[in-house]
Amino acid sequence: MCKDEKQKLLDQRYLKMADIWAQNSYCKRRQVGALIVKDKMIISDGYNGTPAGFENICEDEDNKTKPYVLHAEANAITKVAKSGNSSDGATLYVTSSPCLECSKLIIQAGIKRVVFTESYRLEDGINLLKRADIEVKQVDI
């Protein structure tokens, strides 16, 4: 098996794990999971949801996402920062392509590669990552 095939297999496995992690989300409209991997070790994980200590209700009475709901990527990045680990040079696996706000965090966190399954309706986050020379890859699982 060549290096590219091996990497694709690893990417698919981590994305499947991120997909399972997304099931922890209490959000009804969309569940998203993320893993940060460095040197073949998972150093952080996250899923979309409300901040710690808030009620686990992501949508308002009109089924719109509440403005303070954190995205899976933001949860994973803040979690790794809190742990004292470094995400510099890491890969982010996420079940949905990052939005513009999360892409800014990804750049600042030093993440060098982003692998996702589903495309988000807007592509401005992906475009920003590419502009920052971050490898972006969509992989089916």
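This is a predicted model: local features need pLDDT of at least 70, side-chain atom pairs count only at pLDDT 80 or more; totals for chains, interfaces and linings use all residues.
Where does Asp-133 lie? Asp-133 is found in the loop between helix H4 and strand E5, the latter covering residues 135–138. The phi angle of Asp-133 is near 60 degrees, a positive value in a residue other than glycine. With a relative accessibility of 69%, Asp-133 counts as exposed, because exposed residues are those over 50%.

Asn-63, although not a glycine, has a positive phi of about 65 degrees. Asn-63 belongs to the loop between strand E2 and helix H2. Its relative accessibility is 43%, so Asn-63 counts as partly exposed.

The loop between E2 and H2 also holds Asn-48. Strand E2 covers residues 41–47, and helix H2 covers residues 72–83. Is Asn-48 buried or exposed? Asn-48 counts as buried, because its relative accessibility is 8% and buried means under 20%. The side chain of Asn-48 reaches the backbone nitrogen of Val-32 at a distance of 2.8 Å. When residues up to four places away in sequence are not counted, Asn-48 touches several others, including Ser-25, Cys-27, Arg-30, Leu-70, His-71 and Asn-75.

Which residues does the UniProt annotation "binding site" cover? According to that unreviewed entry, they are His-71, Cys-99 and Cys-102. These residues span 32 residues in sequence, yet no two of their C-alpha atoms are more than 9.0 Å apart, so they gather at one spot. The lining of the largest pocket takes in His-71, Cys-99 and Cys-102 from this set.

Two members of this set may now be examined in turn. His-71 is located in the loop between E2 and H2, and it counts as partly exposed at 35% relative accessibility. Leaving aside neighbours within four places in sequence, His-71 is in contact with Tyr-47, Asn-48, Cys-99 and Cys-102. Cys-102, by contrast, lies in helix H3 and is buried, with a relative accessible area of 3%. With its neighbours within four places in sequence again left aside, Cys-102 is in contact with His-71, Glu-73 and Ala-74.

Attention may now turn to pairs of charged side chains. How many salt bridges does a search of the whole structure find? The search finds 6 salt bridges. In one of them, the side chains of Asp-11 and Arg-113 meet, with a distance of 2.7 Å from N to O. This pair links distant parts of the chain: Asp-11 is in helix H1, residues 3–22, whereas Arg-113 is in strand E4, residues 113–118, and the two are 102 residues apart. Both Asp-11 and Arg-113 are buried.

Another salt bridge joins the side chains of Asp-45 and Lys-79, at 2.5 Å from N to O. Asp-45 lies in strand E2 and Lys-79 in helix H2, so the pair ties together parts that are 34 residues apart in sequence. Asp-45 is buried, with a relative accessible area of 18%, while Lys-79 counts as partly exposed at 43%.

A further salt bridge is found within a helix. The side chains of Glu-101 and Lys-104 meet at 3.0 Å, N to O. Why are they separated by about one helical turn? The reason is that Glu-101 and Lys-104 are 3 residues apart in helix H3, which covers residues 100–108. Glu-101 counts as partly exposed at 49% relative accessibility, and Lys-104 is partly exposed as well, with a relative accessible area of 39%. Elsewhere, salt bridges that share partners join Asp-11, Arg-113 and Glu-135 into one network.

The final subject is the nonpolar interior. In soluble globular proteins, nonpolar side chains tend to be buried together. The largest nonpolar core in this model has 19 residues, and those with the most contacts inside it are Ile-36, Leu-92, Val-94, Ile-106, Ile-111 and Val-114. Strand E1, helix H2, strands E3 and E4, and helix H4 each supply at least two residues of this core. Helix H2 gives the most to this core, with 4 residues. Leaving aside its neighbours within four places in sequence, Val-94 is in contact with residues including Leu-15, Val-32, Ala-34, Val-114 and Phe-116.

Key
Residues are numbered from 1 along each chain as its sequence is written. Side-chain values use heavy atoms; hydrogens and water are left out. Buried means under 20% relative accessible area, exposed over 50%, partly exposed in between (1.4 Å probe, protein chains only). A polar contact is a pair of N or O atoms within 3.5 Å; within protein, one must be able to donate a hydrogen and the other to accept it, and residues adjacent in sequence count only if both atoms are side-chain atoms. Contact means heavy atoms within 4.5 Å. A salt bridge is a side-chain nitrogen of Lys or Arg within 4 Å of a carboxyl oxygen of Asp or Glu. A nonpolar core is a set of buried Ala, Val, Leu, Ile, Met, Phe, Trp, Tyr and Cys residues joined through side-chain atoms within 4.5 Å. UniProt positions are given in the numbering used here, feature names are shortened, and annotations may be inferred rather than shown by experiment. On a 1 Å grid over the protein atoms alone, a cavity is a set of points where a 1.4 Å probe fits but cannot get out, and a pocket is an open set with protein on both sides within 12 Å along at least five of seven lines; lining residues have an atom within 4 Å of a point.
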